[in-house]
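Trainee: I have a new structure open and would like a quick tour. Start with whatever I need to know to follow the numbering.

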Amino acid sequence: MSNLAVPVSSSGSMLLGVMGDPIAHSKSPVMHQAALRQTGIPGDYVRLHITADQLGEAILSIRTLGFRGVNVTVPHKVKVMAFLDEIDPAAAAVGAVNTIVNNNGRLTGYNTDGIGYIRSLKEEAVPELSGKTVVVLGAGGAARGVIHALLTEGPRTVIVANRTKETASKLCEEWQKLGSLEACSLEELSEWVPQADVVINTTSVGMSPRIEESPLDTSLLPGGTVVSDLIYNPLKTRLLREAELRGCRIHSGLGMFVYQGAYAFEYWTGQPAPIPAMRNAVLEQLDGQE
Ligand code: ATR
(Lines give C-alpha, C1' and ligand atoms only; values in the text may rest on other atoms or scores of the structure.)
Protein backbone atom coordinates (compact mmCIF):
# COMPACT_ATOMS: atom_id res chain seq x y z
CA MET A 1 0.00 0.00 0.00
CA SER A 2 1.10 3.59 -0.51
CA ASN A 3 2.10 5.61 2.53
CA LEU A 4 2.49 8.90 0.70
CA ALA A 5 -0.13 10.65 2.84
CA VAL A 6 1.33 9.41 6.12
CA PRO A 7 3.24 12.14 8.02
CA VAL A 8 6.53 10.32 8.71
CA SER A 9 9.46 12.35 10.06
CA SER A 10 12.45 13.46 7.97
CA SER A 11 14.14 10.22 9.07
CA GLY A 12 11.58 8.39 6.94
CA SER A 13 9.80 6.67 9.80
CA MET A 14 7.07 7.61 12.21
CA LEU A 15 8.21 8.00 15.80
CA LEU A 16 5.57 7.40 18.47
CA GLY A 17 5.66 6.62 22.18
CA VAL A 18 4.01 6.61 25.57
CA MET A 19 5.12 8.70 28.57
CA GLY A 20 4.28 7.65 32.12
CA ASP A 21 5.60 6.64 35.52
CA PRO A 22 5.58 3.68 35.97
CA ILE A 23 5.58 2.57 32.33
CA ALA A 24 7.25 -0.86 32.24
CA HIS A 25 3.96 -2.78 32.04
CA SER A 26 2.21 -0.58 29.46
CA LYS A 27 0.54 -2.60 26.72
CA SER A 28 0.48 0.40 24.35
CA PRO A 29 3.82 -0.41 22.64
CA VAL A 30 2.79 -3.92 21.62
CA MET A 31 -0.60 -2.67 20.43
CA HIS A 32 0.72 0.23 18.34
CA GLN A 33 3.62 -1.79 16.93
CA ALA A 34 1.05 -4.30 15.70
CA ALA A 35 -0.92 -1.42 14.15
CA LEU A 36 2.16 -0.02 12.37
CA ARG A 37 3.05 -3.48 11.06
CA GLN A 38 -0.48 -4.19 9.88
CA THR A 39 -0.82 -0.87 8.04
CA GLY A 40 2.71 -1.05 6.58
CA ILE A 41 3.65 2.34 8.03
CA PRO A 42 7.40 2.47 8.77
CA GLY A 43 7.90 3.55 12.36
CA ASP A 44 8.30 2.64 15.99
CA TYR A 45 6.39 3.15 19.25
CA VAL A 46 8.56 3.32 22.35
CA ARG A 47 8.05 3.23 26.09
CA LEU A 48 9.29 6.45 27.76
CA HIS A 49 9.78 6.49 31.53
CA ILE A 50 9.21 10.13 32.44
CA THR A 51 8.95 11.33 36.06
CA ALA A 52 6.84 14.36 37.06
CA ASP A 53 9.86 16.70 37.27
CA GLN A 54 10.97 15.67 33.75
CA LEU A 55 7.61 16.20 32.07
CA GLY A 56 8.20 19.73 30.69
CA GLU A 57 11.56 18.80 29.15
CA ALA A 58 10.15 15.56 27.78
CA ILE A 59 7.34 17.42 26.00
CA LEU A 60 9.83 19.93 24.52
CA SER A 61 11.88 17.01 23.22
CA ILE A 62 8.92 15.71 21.19
CA ARG A 63 9.68 18.53 18.72
CA THR A 64 13.47 18.17 18.87
CA LEU A 65 13.41 14.42 18.33
CA GLY A 66 10.74 14.62 15.64
CA PHE A 67 8.11 12.45 17.30
CA ARG A 68 4.82 12.50 15.38
CA GLY A 69 2.97 11.94 18.62
CA VAL A 70 2.87 10.42 22.06
CA ASN A 71 0.36 8.97 24.46
CA VAL A 72 0.45 10.29 27.99
CA THR A 73 -0.57 8.11 30.88
CA VAL A 74 -0.63 8.05 34.70
CA PRO A 75 0.30 10.36 36.44
CA HIS A 76 0.73 13.04 33.73
CA LYS A 77 -2.68 13.36 32.00
CA VAL A 78 -3.63 16.61 33.75
CA LYS A 79 -0.24 18.34 34.24
CA VAL A 80 0.81 17.79 30.62
CA MET A 81 -1.82 20.28 29.44
CA ALA A 82 0.30 23.23 30.59
CA PHE A 83 3.06 22.32 28.11
CA LEU A 84 0.99 22.10 24.92
CA ASP A 85 0.23 24.71 22.23
CA GLU A 86 -3.40 23.77 21.82
CA ILE A 87 -5.99 21.61 23.61
CA ASP A 88 -8.91 20.02 21.81
CA PRO A 89 -12.16 21.46 23.32
CA ALA A 90 -13.43 18.06 24.53
CA ALA A 91 -10.10 17.32 26.24
CA ALA A 92 -10.23 20.79 27.83
CA ALA A 93 -13.74 20.10 29.16
CA VAL A 94 -12.69 16.71 30.55
CA GLY A 95 -9.54 18.29 32.00
CA ALA A 96 -7.08 15.63 30.81
CA VAL A 97 -5.00 14.76 27.74
CA ASN A 98 -3.85 11.26 26.78
CA THR A 99 -2.77 11.86 23.16
CA ILE A 100 -0.47 14.52 21.70
CA VAL A 101 -0.15 15.19 17.98
CA ASN A 102 2.91 17.05 16.65
CA ASN A 103 2.04 19.04 13.51
CA ASN A 104 5.31 20.60 12.34
CA GLY A 105 6.27 21.55 15.89
CA ARG A 106 2.81 22.57 17.04
CA LEU A 107 1.60 20.23 19.81
CA THR A 108 -2.13 19.58 20.20
CA GLY A 109 -3.59 17.56 23.08
CA TYR A 110 -6.60 15.24 22.73
CA ASN A 111 -8.42 12.90 25.07
CA THR A 112 -9.31 9.62 23.36
CA ASP A 113 -10.20 7.68 26.55
CA GLY A 114 -13.86 8.69 26.78
CA ILE A 115 -14.60 8.58 23.05
CA GLY A 116 -12.68 5.29 22.81
CA TYR A 117 -14.78 3.82 25.58
CA ILE A 118 -18.08 4.90 24.01
CA ARG A 119 -17.04 3.57 20.56
CA SER A 120 -16.24 0.24 22.20
CA LEU A 121 -19.50 0.17 24.20
CA LYS A 122 -21.54 0.90 21.06
CA GLU A 123 -19.73 -1.58 18.82
CA GLU A 124 -19.58 -4.36 21.41
CA ALA A 125 -22.67 -4.02 23.63
CA VAL A 126 -25.18 -1.14 23.17
CA PRO A 127 -25.43 0.11 19.56
CA GLU A 128 -27.89 2.88 20.51
CA LEU A 129 -27.34 4.88 23.70
CA SER A 130 -29.89 7.59 23.04
CA GLY A 131 -32.81 7.46 25.49
CA LYS A 132 -30.99 5.08 27.85
CA THR A 133 -30.70 5.43 31.63
CA VAL A 134 -27.04 5.00 32.53
CA VAL A 135 -25.50 4.64 36.01
CA VAL A 136 -21.82 5.57 36.21
CA LEU A 137 -19.88 4.42 39.29
CA GLY A 138 -17.15 6.94 40.14
CA ALA A 139 -16.62 10.65 39.45
CA GLY A 140 -12.84 10.88 38.95
CA GLY A 141 -10.75 11.41 35.83
CA ALA A 142 -11.87 8.24 34.04
CA ALA A 143 -15.53 8.97 34.80
CA ARG A 144 -15.23 12.51 33.41
CA GLY A 145 -13.97 11.22 30.05
CA VAL A 146 -16.71 8.60 29.84
CA ILE A 147 -19.54 10.91 30.94
CA HIS A 148 -18.53 13.73 28.59
CA ALA A 149 -18.50 11.36 25.60
CA LEU A 150 -21.69 9.64 26.76
CA LEU A 151 -23.63 12.93 26.91
CA THR A 152 -23.01 13.47 23.18
CA GLU A 153 -25.05 10.28 22.54
CA GLY A 154 -28.28 11.72 24.02
CA PRO A 155 -28.96 9.36 26.96
CA ARG A 156 -32.19 9.89 28.92
CA THR A 157 -30.34 10.38 32.21
CA VAL A 158 -26.84 9.76 33.51
CA ILE A 159 -26.69 8.98 37.22
CA VAL A 160 -23.25 9.66 38.69
CA ALA A 161 -22.73 7.57 41.83
CA ASN A 162 -19.71 8.27 43.95
CA ARG A 163 -18.30 7.35 47.37
CA THR A 164 -17.84 11.09 47.92
CA LYS A 165 -21.21 12.37 46.75
CA GLU A 166 -20.03 15.97 46.64
CA THR A 167 -17.61 15.20 43.78
CA ALA A 168 -20.48 13.71 41.79
CA SER A 169 -22.71 16.72 42.56
CA LYS A 170 -20.03 19.15 41.38
CA LEU A 171 -19.56 17.23 38.13
CA CYS A 172 -23.34 17.21 37.48
CA GLU A 173 -23.56 20.93 38.12
CA GLU A 174 -20.58 21.69 35.85
CA TRP A 175 -22.11 19.82 32.90
CA GLN A 176 -25.82 20.42 33.53
CA LYS A 177 -26.18 22.12 30.14
CA LEU A 178 -24.88 19.02 28.33
CA GLY A 179 -27.72 16.70 29.35
CA SER A 180 -29.76 15.22 32.19
CA LEU A 181 -27.42 14.41 35.09
CA GLU A 182 -28.17 13.21 38.62
CA ALA A 183 -25.70 12.70 41.48
CA CYS A 184 -26.06 10.01 44.13
CA SER A 185 -24.08 8.32 46.88
CA LEU A 186 -23.20 4.62 46.75
CA GLU A 187 -25.90 4.01 49.39
CA GLU A 188 -28.53 5.58 47.11
CA LEU A 189 -27.68 3.19 44.27
CA SER A 190 -30.50 0.84 45.33
CA GLU A 191 -32.93 3.44 43.97
CA TRP A 192 -31.24 3.81 40.60
CA VAL A 193 -29.64 0.50 39.60
CA PRO A 194 -32.95 -1.38 39.18
CA GLN A 195 -34.08 1.14 36.53
CA ALA A 196 -30.75 1.38 34.69
CA ASP A 197 -30.25 0.14 31.13
CA VAL A 198 -26.47 0.34 31.48
CA VAL A 199 -24.18 0.36 34.56
CA ILE A 200 -20.55 1.43 34.06
CA ASN A 201 -17.76 1.02 36.61
CA THR A 202 -15.08 3.69 36.23
CA THR A 203 -13.46 3.14 39.64
CA SER A 204 -10.41 0.92 40.13
CA VAL A 205 -12.32 -1.34 42.54
CA GLY A 206 -11.77 -4.94 41.36
CA MET A 207 -8.56 -4.27 39.45
CA SER A 208 -5.66 -6.72 39.74
CA PRO A 209 -4.29 -7.57 42.29
CA ARG A 210 -7.43 -6.83 44.39
CA ILE A 211 -9.64 -8.94 42.19
CA GLU A 212 -12.04 -10.03 44.95
CA GLU A 213 -13.41 -6.49 45.42
CA SER A 214 -16.56 -5.23 43.73
CA PRO A 215 -17.91 -1.67 43.52
CA LEU A 216 -21.58 -2.74 43.50
CA ASP A 217 -24.04 -5.02 45.31
CA THR A 218 -24.97 -7.04 42.24
CA SER A 219 -28.20 -8.34 43.80
CA LEU A 220 -29.62 -4.93 42.75
CA LEU A 221 -29.16 -5.77 39.06
CA PRO A 222 -32.12 -6.98 37.03
CA GLY A 223 -31.27 -9.55 34.31
CA GLY A 224 -30.80 -7.88 30.92
CA THR A 225 -28.96 -4.83 32.25
CA VAL A 226 -25.73 -4.10 30.39
CA VAL A 227 -22.86 -4.03 32.91
CA SER A 228 -19.59 -2.55 31.75
CA ASP A 229 -16.25 -2.28 33.54
CA LEU A 230 -13.40 -0.01 32.42
CA ILE A 231 -10.96 -2.46 34.02
CA TYR A 232 -9.30 -4.91 31.61
CA ASN A 233 -6.98 -6.65 34.04
CA PRO A 234 -8.61 -9.01 34.88
CA LEU A 235 -10.71 -9.20 31.71
CA LYS A 236 -13.65 -10.44 33.77
CA THR A 237 -13.81 -8.61 37.09
CA ARG A 238 -15.84 -9.85 40.04
CA LEU A 239 -18.51 -7.27 39.06
CA LEU A 240 -18.75 -8.76 35.55
CA ARG A 241 -18.67 -12.37 36.78
CA GLU A 242 -21.55 -11.76 39.20
CA ALA A 243 -23.52 -9.70 36.67
CA GLU A 244 -23.20 -12.47 34.08
CA LEU A 245 -24.55 -15.00 36.59
CA ARG A 246 -27.57 -12.72 37.09
CA GLY A 247 -28.33 -12.76 33.35
CA CYS A 248 -26.81 -9.35 32.53
CA ARG A 249 -24.90 -8.60 29.34
CA ILE A 250 -21.29 -7.79 30.17
CA HIS A 251 -18.68 -5.56 28.51
CA SER A 252 -15.02 -5.44 29.60
CA GLY A 253 -12.50 -2.59 29.53
CA LEU A 254 -10.32 -4.21 26.87
CA GLY A 255 -12.32 -2.48 24.14
CA MET A 256 -11.78 0.93 25.75
CA PHE A 257 -8.04 0.36 25.79
CA VAL A 258 -8.02 -0.75 22.16
CA TYR A 259 -10.27 2.07 20.90
CA GLN A 260 -8.49 4.86 22.80
CA GLY A 261 -5.38 3.60 21.00
CA ALA A 262 -7.27 3.36 17.71
CA TYR A 263 -8.33 7.03 17.86
CA ALA A 264 -4.75 8.06 18.72
CA PHE A 265 -3.39 6.00 15.81
CA GLU A 266 -5.94 7.62 13.48
CA TYR A 267 -4.98 11.14 14.63
CA TRP A 268 -1.28 10.41 14.04
CA THR A 269 -1.50 8.52 10.76
CA GLY A 270 -4.73 9.72 9.14
CA GLN A 271 -5.50 6.07 8.40
CA PRO A 272 -8.15 3.72 9.83
CA ALA A 273 -6.75 1.78 12.78
CA PRO A 274 -6.46 -2.01 12.27
CA ILE A 275 -8.58 -2.81 15.31
CA PRO A 276 -8.54 -6.65 15.23
CA ALA A 277 -4.72 -6.71 15.01
CA MET A 278 -4.47 -4.23 17.90
CA ARG A 279 -6.90 -6.23 20.04
CA ASN A 280 -5.10 -9.52 19.35
CA ALA A 281 -1.73 -8.02 20.25
CA VAL A 282 -3.05 -6.89 23.65
CA LEU A 283 -4.84 -10.18 24.27
CA GLU A 284 -1.66 -12.15 23.55
CA GLN A 285 0.19 -10.09 26.16
CA LEU A 286 -2.57 -10.50 28.72
CA ASP A 287 -2.55 -14.28 28.15
CA GLY A 288 1.20 -14.36 28.58
CA GLN A 289 0.81 -12.83 32.05
CA GLU A 290 -1.51 -15.46 33.40
P1 ATR B 1 -9.29 7.77 37.74
O2 ATR B 1 -8.55 8.77 36.91
O3 ATR B 1 -8.85 6.35 37.55
O4 ATR B 1 -10.77 7.93 37.63
P5 ATR B 1 -9.39 9.18 40.25
O6 ATR B 1 -9.56 10.46 39.53
O7 ATR B 1 -8.49 9.12 41.45
O8 ATR B 1 -8.86 8.05 39.27
O9 ATR B 1 -10.86 8.66 40.66
C10 ATR B 1 -11.08 7.46 41.31
C11 ATR B 1 -12.59 7.24 41.46
O12 ATR B 1 -12.82 5.94 42.03
C13 ATR B 1 -13.27 8.22 42.39
O14 ATR B 1 -14.59 8.42 41.96
C15 ATR B 1 -13.21 7.50 43.73
O16 ATR B 1 -14.19 7.93 44.65
P17 ATR B 1 -13.90 9.19 45.63
O18 ATR B 1 -14.18 10.43 44.82
O19 ATR B 1 -14.86 9.03 46.74
O20 ATR B 1 -12.47 9.07 46.06
C21 ATR B 1 -13.49 6.09 43.27
N22 ATR B 1 -12.96 5.08 44.22
C23 ATR B 1 -11.66 4.77 44.41
N24 ATR B 1 -11.54 3.79 45.34
C25 ATR B 1 -12.81 3.47 45.74
C26 ATR B 1 -13.36 2.52 46.65
N27 ATR B 1 -12.57 1.70 47.35
N28 ATR B 1 -14.70 2.47 46.76
C29 ATR B 1 -15.50 3.30 46.06
N30 ATR B 1 -15.05 4.21 45.16
C31 ATR B 1 -13.71 4.31 45.01
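Mentor: Helices here are DSSP runs of H or I with at least four residues, strands are runs of E with at least two, and both are numbered from the N terminus. Also keep in mind that this is a predicted model.

Trainee: Okay. Where does Pro22 lie, then?

Mentor: In the loop between strand E1 (14-20) and helix H1 (28-39). The peptide bond that leads from Asp21 into Pro22 is cis, and its omega is near 5 degrees.

Trainee: And what kind of peptide bond joins Ser208 and Pro209, cis or trans?

Mentor: Cis, with omega at about 10 degrees. Pro209 sits in the loop between strand E10 (198-201) and strand E11 (226-229).

Trainee: What about Asn104, is its phi positive or negative?

Mentor: Positive, about 50 degrees, although Asn104 is not a glycine. You will find Asn104 in the loop that links strand E5 (99-103) to strand E6 (106-110).

Trainee: Which backbone atoms lie 2.9 Å from a ligand oxygen?

Mentor: A backbone N or O atom of Ala139 does. A polar backbone atom of Gly141 is also 2.9 Å from an oxygen atom of the ligand, and a backbone N or O atom of Ala142 has that distance to a ligand oxygen as well. As for cover, the ligand on its own has 640 Å² of accessible area, and the protein covers 59% of that.

Trainee: Now pockets. What volume does the second largest pocket have?

Mentor: About 170 Å³. Its lining has 13 residues, and those nearest its centre are Ala90, Asn111, Ile115, His148 and Ala149.

Trainee: Which helices supply residues to that lining?

Mentor: Helix H3 (89-94), helix H4 (113-124) and helix H5 (141-151) supply at least two each. By class, the lining of the second largest pocket divides into six nonpolar, five polar and two charged residues.

Trainee: And why does that pocket count as lying between the domains?

Mentor: Because both domain 1 (14-112 + 256-289) and domain 2 (114-252) give residues to its lining.

Key: Residues numbered from 1 in each chain as written. Predicted model: local features only at pLDDT ≥ 70, side-chain atom pairs only at ≥ 80, totals over all residues. Heavy atoms only, no water. Polar contact = N/O pair within 3.5 Å; in protein donor to acceptor, adjacent residues only side chain to side chain. Areas by Shrake-Rupley, 256 points an atom, 1.4 Å probe, with all protein chains shown as cover. 1 Å grid on protein atoms, 1.4 Å probe; cavity = no way out; pocket = protein on both sides within 12 Å on 5 of 7 lines; lining within 4 Å. Points joined across faces, edges and corners; volume = space filled by probe spheres on them. Nonpolar A, V, L, I, M, F, W, Y, C, P; charged D, E, K, R; others polar. Domains from an automatic or database assignment.
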